Amino acid sequence: MPEDWRSADVVPLHKKGSKHLRENYRPISLTSIVCKISEKIVRNRITSFWQNQDVINRNQFGFLQGRSTTTQLLSTIQDFAKSRNSTCATNAIFLDLAKAFDSVPHERLLIKLRNLGLKGNLLNWLRHFLTCRKQRVVLRGTFSEWAPVVSGTSEGTIHGPILFVSYINDIADCVSSNIKLYADDTKIYRELHNPTSDIQMPQSDLDSIGHWANRWQLLYVSMRKSVKLCV
């Protein structure tokens, strides 16, 4: 793959708060337009293959055709409504990944891509796409030194989101509760028929997700826990 295709200019975009604090900026990666065209062709073929093979978890709603935050919300509300109509409480836990797209280790990602059926020249192409990348910060016409990109699914690229989705595809296998995913946002929930005993199951699911995250070198943060009671 040409070196220019693996180079990115990072532009800081102000999000909120003081403009003097760097944590208030979102880094936007600008990459080669020619590479994006090539990526789009390859991504469409990959997603079509995965859909035909039905390998992407049905509880994942991020960056997939015909799925969105709206479809995930409607699916979740339907489950909550069924529980409420049955006069059952619902225990829900909301999770988020810290620096999710930037933390994915390349070799582990390639292993998962191979397990999802990508082999041969295509897998080699993706390996070249992910590795030996570099980036620099651009601010008001001034450029920083080039720095290597040693992990992550290459923010600002066409492939990045779908590669991340493939990396966390098996997380649903770790829990016994219902689970809904939108990229790195995760919620798990279950009915509480017996609050005394059923309350332990979400904790077991959290422990399983923690073990999964440690194994695949990701970190879950921003946990919020709530119990929805029917009246």
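This is a predicted model: local features need pLDDT of at least 70, side-chain atom pairs count only at pLDDT 80 or more; totals for chains, interfaces and linings use all residues.
## Overall build

Let's begin with the chain as a whole. Its secondary structure comes to eight helices and nine strands. The chain has 231 residues, and 39% of them count as buried.

## The largest pocket

If you are thinking about where a probe might fit, here is the place to look. The largest pocket holds about 1100 Å³ of space. Its lining is made up of 38 residues, and those closest to the pocket centre are Arg26, Pro27, Lys99, Asp102 and Glu155. By class, the lining has 17 nonpolar, nine polar and 12 charged residues.

Which elements supply the lining? At least two residues each come from the strands β1 (7-14), β2 (25-30), β3 (89-97), β4 (133-139) and β6 (147-149), and likewise from the helices α3 (100-103) and α6 (159-167). Strand β4 gives the most, with five residues.

Lysine 134 is partly exposed, because its relative accessible area is 22%, and the buried class is kept for values under 20%.

Arginine 136 pairs with aspartate 9, again with 2.7 Å between the closest N and O atoms. This bridge also links distant parts of the chain, with arginine 136 in strand β4 and aspartate 9 in strand β1, 127 residues apart. Aspartate 9 has a relative accessible area of 21% and is therefore partly exposed.

Another of the bridges joins lysine 112 to aspartate 170, with the closest N and O atoms 2.9 Å apart. Lysine 112 belongs to helix α4 (residues 106-115), while aspartate 170 is in the loop between α6 and β7 (178-182), so the pair ties together parts that are 58 residues apart in sequence.

Are the two partners buried or partly exposed? Lysine 112 counts as buried, because its relative accessibility is 6%. Aspartate 170, at a relative accessible area of 26%, is partly exposed.

## A nonpolar surface patch

On the surface, Ile33, Ile37 and Ile41 form a nonpolar patch, and together they have about 330 Å² of accessible area. One of these residues, isoleucine 41, lies in helix α1 (residues 33-53). Isoleucine 41 is classed as exposed because its relative accessible area is 56%, where exposed means over 50%.

## Backbone points to check

Phenylalanine 63 is not a glycine, yet its phi is positive, at about 60°. This residue is found in the loop between α1 and α2 (69-85), and at 39% relative accessibility phenylalanine 63 counts as partly exposed.

Arginine 140 is a residue other than glycine with a positive phi too, near 55°. Arginine 140 lies in the loop between β4 and β5 (142-143). With a relative accessible area of 83%, arginine 140 is exposed.

Key: Residues are numbered from 1 along each chain as its sequence is written. Side-chain values use heavy atoms; hydrogens and water are left out. On a 1 Å grid over the protein atoms alone, a cavity is a set of points where a 1.4 Å probe fits but cannot get out, and a pocket is an open set with protein on both sides within 12 Å along at least five of seven lines; lining residues have an atom within 4 Å of a point. Grid points are joined across faces, edges and corners, and a volume is the space filled by probe spheres set on the points. Helices (H or I, at least four residues) and strands (E, at least two) are DSSP runs, numbered from the N terminus. Ala, Val, Leu, Ile, Met, Phe, Trp, Tyr, Cys and Pro count as nonpolar, Asp, Glu, Lys and Arg as charged, and the others, Gly among them, as polar. Patches are made of residues with over 30% relative accessible area and no salt bridge: like charges are joined within 9 Å, nonpolar side chains (Val, Leu, Ile, Met, Phe, Trp, Tyr) within 5 Å. Accessible areas come from the Shrake-Rupley method with a 1.4 Å probe; for residues, only the protein chains shown count as cover. A salt bridge is a side-chain nitrogen of Lys or Arg within 4 Å of a carboxyl oxygen of Asp or Glu. Buried means under 20% relative accessible area, exposed over 50%, partly exposed in between (1.4 Å probe, protein chains only).
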